[in-house]
There are 6 protein chains.
Amino acid sequence: MPQSKTALVISAHAADFVWRCGGAIALHAEKGYDVTVVCLSFGERGESAKLWKDPGMTLEKVKSARRAESEKAAQALGVHDLIEFDLGDYPLHLTQDDKFRLVEVIRKVQPRFMLSHSQWDPYNTDHMYATQIALECRMIAQAWGHEPGQKVLGAPQLYLFEPHQTEQMGWKPDTFLDITPVWDKKRAAIECMEGQEHLWEYYTRVAQNRANHFMRNSGGQAGGRKATHAEGFQSIFPRTVDEL
Amino acid sequence: MPQSKTALVISAHAADFVWRCGGAIALHAEKGYDVTVVCLSFGERGESAKLWKDPGMTLEKVKSARRAESEKAAQALGVHDLIEFDLGDYPLHLTQDDKFRLVEVIRKVQPRFMLSHSQWDPYNTDHMYATQIALECRMIAQAWGHEPGQKVLGAPQLYLFEPHQTEQMGWKPDTFLDITPVWDKKRAAIECMEGQEHLWEYYTRVAQNRANHFMRNSGGQAGGRKATHAEGFQSIFPRTVDEL
Amino acid sequence: MPQSKTALVISAHAADFVWRCGGAIALHAEKGYDVTVVCLSFGERGESAKLWKDPGMTLEKVKSARRAESEKAAQALGVHDLIEFDLGDYPLHLTQDDKFRLVEVIRKVQPRFMLSHSQWDPYNTDHMYATQIALECRMIAQAWGHEPGQKVLGAPQLYLFEPHQTEQMGWKPDTFLDITPVWDKKRAAIECMEGQEHLWEYYTRVAQNRANHFMRNSGGQAGGRKATHAEGFQSIFPRTVDEL
Amino acid sequence: MPQSKTALVISAHAADFVWRCGGAIALHAEKGYDVTVVCLSFGERGESAKLWKDPGMTLEKVKSARRAESEKAAQALGVHDLIEFDLGDYPLHLTQDDKFRLVEVIRKVQPRFMLSHSQWDPYNTDHMYATQIALECRMIAQAWGHEPGQKVLGAPQLYLFEPHQTEQMGWKPDTFLDITPVWDKKRAAIECMEGQEHLWEYYTRVAQNRANHFMRNSGGQAGGRKATHAEGFQSIFPRTVDEL
Amino acid sequence: MPQSKTALVISAHAADFVWRCGGAIALHAEKGYDVTVVCLSFGERGESAKLWKDPGMTLEKVKSARRAESEKAAQALGVHDLIEFDLGDYPLHLTQDDKFRLVEVIRKVQPRFMLSHSQWDPYNTDHMYATQIALECRMIAQAWGHEPGQKVLGAPQLYLFEPHQTEQMGWKPDTFLDITPVWDKKRAAIECMEGQEHLWEYYTRVAQNRANHFMRNSGGQAGGRKATHAEGFQSIFPRTVDEL
Amino acid sequence: MPQSKTALVISAHAADFVWRCGGAIALHAEKGYDVTVVCLSFGERGESAKLWKDPGMTLEKVKSARRAESEKAAQALGVHDLIEFDLGDYPLHLTQDDKFRLVEVIRKVQPRFMLSHSQWDPYNTDHMYATQIALECRMIAQAWGHEPGQKVLGAPQLYLFEPHQTEQMGWKPDTFLDITPVWDKKRAAIECMEGQEHLWEYYTRVAQNRANHFMRNSGGQAGGRKATHAEGFQSIFPRTVDEL
């Protein structure tokens, strides 16, 4: 394990890190983690419907607006480094060079844990592609023969953050994180996403209901810990522990 | 969460707790946990082939031998309380009264976590039945209307310990526990199982290979923590955490 | 298909029909369906924690309170017939006679569709048991040799309504029902459940977020139909249609 | 492995062994196997609709007719021993004594392989119950402490024969058996089932299409072996081989 | 939903649309739907064995023969528009331009529902690749930033039609369509596939057995609707309804 | 089926064929099979950590060392033909030409069965990619229109050999092969892998424990055949048999 506390989010589109793990980011930032966020694209083609309804809109203008929004949100959450790969969306595609660029970030960050999308998403193939890339680049970052001399990656957990319509994605959370202390920050970041205002209340309700799950699983009516907002995550890899 | 440190193992037959979670028991005992083990049966009919090959054998003699072995093993592991339900095996069956007796144990122990079998086992239907019972009795123990006035159960994790032929049981470990510090105790407990000597080396190898998995998942060739023996567990319920 | 419009809900505990399919009940009642609800138990032991915290409480008082609540809720929803089987809960168990009593109800109702719990629920084994019973009794109701002369059952769909913590139950909705027109009735029924006030807002948020899913799947940003509240259901059997 | 060639079919209702594995029975009988068939019930209540449409029908008459049909079919297939347990159907239920009676049959037969139903069947819970019983009784038959002195069972394969509507049952065949040489016998046995004439052509078509699968998997257009009729089976346990 | 009635089939090879959804095409055509069929390839390399056995055969001749057959079949079914993408098969591969060409078709058609292959097919990787492409292009067609100004796609269902050897593909039909009224047209289309005469009777039997499933699921022996031929489909997305 | 006895292993990296199916290779070689092994890469970047820790190391030196090791191991096992594709690893990628080269090998070998990796491997995406390629190239090799005139492939089984951390890969063995007679050869081949000495004992233990599974499934305590070492395999396709 690296000495410094670090985490890495790999987000297919610019806003995903806000809805899906904004609480985890803010919470760990407060705990002294340097959280790096990679946005593989701005979601400029596929996730900016509101902007495109303006007849004079151009791709550059959309990207610029999305960039501004995500930078503002990142600031609200305390993101250490927001990296925009600007690779295009719908569909997202990475060349080998793009993958190696991501590997470079992973190695530089040396994350204690990583966060990305669900493994299956029939509504949005960019999402599941991003997860496949996260696994592939994690593997490359572990290879001693890739850019020999660089510090290779250990074996960080890959957490899958909450997709939209969880049951359709076969996503099953095994970890609930209490984000009550940083909810105000997450809500502030959510409100930076002006183009998707229809989702503000939706994801507020998600956080509230996940808090109910947090309480159920930490004791229920016989002492579950009070929480007002939470986030859920699915782990890809097993944990290694000294106590159950 | 209860103040005292407690854990509860629900084992279909007398030897299961040794092979499958003897390390977890010994390790947590060393950490100050009171670990209670419930053996629903002695495995006297189905898991005592060697004894039955003796022509003068009787059911009582087998049960007595199995009881002695499991008591000795429990002592070696530091079990706080070994409770023999003596309900018969092949097949195991619990009446409502038997279930309520198990509920009483659960409530008395107030375990921080519970351990039982895999959910599916086509070779041994007693095993999967025990897990079903564990879930049912956990639920009853949480009911405020069951023996009102007693302290109800919170929401302890149910870990499924390692079955024989894991892949056939659909068992997938999500947690590896380093049992290196207590391996000698587990081996000593294993050697108490005189009737099943053919399994001593088998489960020693399992522990060694699980240590390899522990190291892989704690860092691999880039810093995985050294471990010589480990055990794997599958969680039924999600965890609730303050840090990923 | 029978001429009259009928539906049947099989609910393990008295409140389940409200949280999980109250909208479906109210909507179909408005459409002229006679909706029968069978509560196999009152949830008196396991789902009445608030009542049991009163030191002078007795089983009969709890059952009476739960009966009153569920009758009031049923009235708010327009339930045609609320049948309390009063079989006890935590654990729920049906004898053969109890099953035949349920078969009698099924045959009398001749439902166009049935509703019950998810197939898997590690938190609450009563729930999954109720679904198993629903399938078994549906089968018996189809048997020409069971009470010959009675009208046998056809092949109604069994919809599984929404459990708590859907992802942990492996529940995947394949049908979203717009309950916007009857939301007020469902909310009124929810408010009849005085002992579980902590769930009122929870299930209101569920209905709001399911409306988002309804809109996504009926057209999304390119014309999804406006809905403010919805419910989700998983079908056990395939549909038979004349048009896709 | 026992010296003599034997096989055992465990059929929930009287006709199942004909539709689902009649070819396997006839083929192995021709190869010198003694094939024993246990019918746990006659299917008198649930699978005899045609008979019950006769207004003067009684349970005994139905059982008698079903017995006659299944005996005739067994003879056509070359069944060595047809054992009618007559335990009742819809629902089927076995007491511990019934299970021990089945164990006795298993031990007496010492089958090289066993055949039963699919593991899941939402249309017919008797079917999946029969498979659960087959696994449980296989386990008991292996117990040295059950009726000590009797020859215990080895580890025969349990093949799951083809259910109706395979995809709804989650049944996936991993073994196709060429029954071309005995098709006439299977068809003759099928025609003994006078009460279910609507299924004669259905299962003839199944056998023809399974022959197509046999050919595909034995070489396809580059040399698949010609077969006109086949049956499919799903194995519960792994095979042990000396050559792949 | 668009005003006009339209549907779109995405077929990996030229004959797939005939065997797998010819009935759905003919039925909806009779109901006034404009059904567009896209054949991504002719199946010229991998699904034309009979033609290739002729020693003088060339790729162009095979493609020409396959084109003629599929045009004739399309006419028999009442296909509105048959579009041959001619991208090559075994393996099928689409460049980004090919995908955008498909997106253009999707947007032009604005289908109420789409049809493609099963999600898994170890025998034929072209099939599962086609489904992946169908999902990816459906997503692109929904993007407001893709060819801004064009009418974006709503959220049409993607039905997966019946593969060969359904159980090996993990395909589970949730919808049975009665194609009795148009069976003659489907059979006529099937007979256009001169190179695959060995499949004519096979898929006729499939349609007959699916009719049995249609009847079972629409009421069984207690009033299942008579049907002589049917087709099965698996839905990817949930339905949105106003009545269960 | 071809007359000659042949088999083909498709291995992502140079050492995989030794750990995962070295016993199967040696055993079938002794039985007169010509076993061809294709290594798609040397594992030079990702599976040669020990070599890379030498500061003067270069890619060519690593490849050369890995080539030497795998040739020596192949000789120890009796491999008929070891073919190094040298396509690079971490990540492995095949162009269409690379695939056609593999198809050429498949057709030349005309294997009775093929061996490759598990279908899912989140630790090592090269492994699951190799299996996908094996399926795709098997399909192309069956196409009469691919290189017309060449002998097309039949329908050989694809066995998936044992991955590291089987449960994480969703790998379930359905076939256990007794490799006792050739264990010495497999151990000798293992010891050729000097760079991965930490795995020698690990895979020896795997073989010993798989022998326990072999014995359990061939009869258990009632006559399971003695074996000291075994290997497990998962089949992709169903078997076609004349006897169960």
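Trainee: Which residues of H4(F) and H5(F) meet each other?

Mentor: Two packed helices are described by the angle between their axes and the distance between the axes. This is a predicted model, and in it F:Lys99, F:Phe100, F:Leu102, F:Val103, F:Ile106 and F:Arg107 form the H4(F) side of the contact. On the H5(F) side are F:Ile133, F:Glu136, F:Cys137, F:Arg138, F:Ile140 and F:Ala141. By class, the contact has 8 nonpolar, no polar and 4 charged residues.

Trainee: At roughly what angle do the axes of these two helices of chain F cross?

Mentor: Helix H4 of chain F covers residues 96-109 and helix H5 of chain F covers residues 125-141. Their axes cross at roughly 65° and come within 9 Å.

Trainee: Is the crossing of H4(F) and H5(F) left-handed or right-handed?

Mentor: The crossing of these two helices, H4(F) and H5(F), is right-handed.

Trainee: Now the salt bridges. How many does the structure hold over all chains?

Mentor: Side chains of opposite charge can pair when their charged atoms come close. Over all chains, the structure holds 72 salt bridges. One of them is between A:Arg210 and A:Glu162, with 2.8 Å from N to O. This pair links distant parts of the chain, 48 residues apart. A:Arg210 sits in helix H7 (residues 200-217) of chain A, while A:Glu162 is in the loop between strand S5 (157-160) and strand S6 (175-178) of chain A.

Trainee: Are A:Arg210 and A:Glu162 buried or exposed?

Mentor: Both A:Arg210 and A:Glu162 are buried.

Trainee: Which residue forms a salt bridge with A:Asp242?

Mentor: The partner is B:Arg225, and the closest N and O atoms are 2.9 Å apart. This pair crosses between chains. A:Asp242 lies in the segment after strand S8 (239-241) of chain A, and B:Arg225 lies in the loop between helix H7 (200-217) and strand S7 (230-235) of chain B.

Trainee: Why does A:Asp242 count as partly exposed?

Mentor: A:Asp242 counts as partly exposed because its relative accessibility is 35%, and partly exposed lies between the buried limit of under 20% and the exposed limit of over 50%. B:Arg225 also counts as partly exposed, because its relative accessibility is 35%.

Trainee: What about F:Glu191 and F:Arg187: where do their side chains meet, and at what N to O distance?

Mentor: The side chains of F:Glu191 and F:Arg187 meet in a salt bridge, at 2.7 Å from N to O. F:Glu191 has a relative accessible area of 34%, so it is partly exposed. F:Arg187 has 17% relative accessibility and therefore counts as buried.

Trainee: Which residues are linked in a network of salt bridges in chain A?

Mentor: A:Glu60, A:Lys63 and A:Asp86 are linked in such a network.

Trainee: Next, the backbone. Which residues does a cis peptide bond join in chain A?

Mentor: Most residues other than glycine have a negative phi, and most peptide bonds are trans. In chain A, a cis peptide bond joins A:Tyr90 and A:Pro91, with omega about 5°. A:Pro91 is in the loop between strand S3 (81-84) and helix H4 (96-109) of chain A. In chain C, the peptide bond from C:Tyr90 to C:Pro91 is cis, with omega near 5°. C:Pro91 is in the loop between strand S3 (81-84) and helix H4 (96-109) of chain C.

Trainee: What is the phi of A:Tyr90?

Mentor: A:Tyr90 has a positive phi of about 50°, although it is not a glycine. A:Tyr90 is placed in the loop between S3 and H4 of chain A, and it counts as buried because its relative accessibility is 7%. Phi of D:Tyr90 is positive too, near 50°. The place of D:Tyr90 is in the loop between strand S3 (81-84) and helix H4 (96-109) of chain D. At 7% relative accessibility, D:Tyr90 counts as buried.

Trainee: Last, the copies. By what turn can chain A be laid on chain B?

Mentor: Two copies of a chain are related by a rotation about an axis and a shift along it. Here the turn is 180° and the shift along the axis is 0.0 Å, with an RMSD of 0.0 Å for chain A laid on chain B. The two copies are thus related as by a two-fold rotation axis. The same surface serves both copies, as 100% of the contact residues of chain A recur in chain B.

Trainee: Which residue of chain A comes closest to the rotation axis?

Mentor: A:Asp174 does, with its C-alpha at 4.9 Å.

Trainee: How far apart are the closest C-alpha atoms of chain B and chain E?

Mentor: They lie 18 Å apart, and no contact joins chain B and chain E. Chain C and chain F do not touch either, and their nearest C-alpha atoms are 18 Å apart.

Key: Residues are numbered from 1 along each chain as its sequence is written. Chains are lettered from A and ligands numbered from 1 in the order in which they are written. This is a predicted model: local features need pLDDT of at least 70, side-chain atom pairs count only at pLDDT 80 or more; totals for chains, interfaces and linings use all residues. Side-chain values use heavy atoms; hydrogens and water are left out. Copies are superposed by least squares on the C-alpha atoms of residues with pLDDT of at least 70 in both. Contact means heavy atoms within 4.5 Å. A salt bridge is a side-chain nitrogen of Lys or Arg within 4 Å of a carboxyl oxygen of Asp or Glu. Helices (H or I, at least four residues) and strands (E, at least two) are DSSP runs, numbered from the N terminus. Buried means under 20% relative accessible area, exposed over 50%, partly exposed in between (1.4 Å probe, protein chains only). Axes are lines fitted to C-alpha atoms, for helices over the stretch in contact, and angles run from 0 to 180 degrees between N-to-C directions. A crossing is left-handed if the near helix is turned anticlockwise from the far one by less than a right angle, and right-handed if clockwise. Ala, Val, Leu, Ile, Met, Phe, Trp, Tyr, Cys and Pro count as nonpolar, Asp, Glu, Lys and Arg as charged, and the others, Gly among them, as polar.
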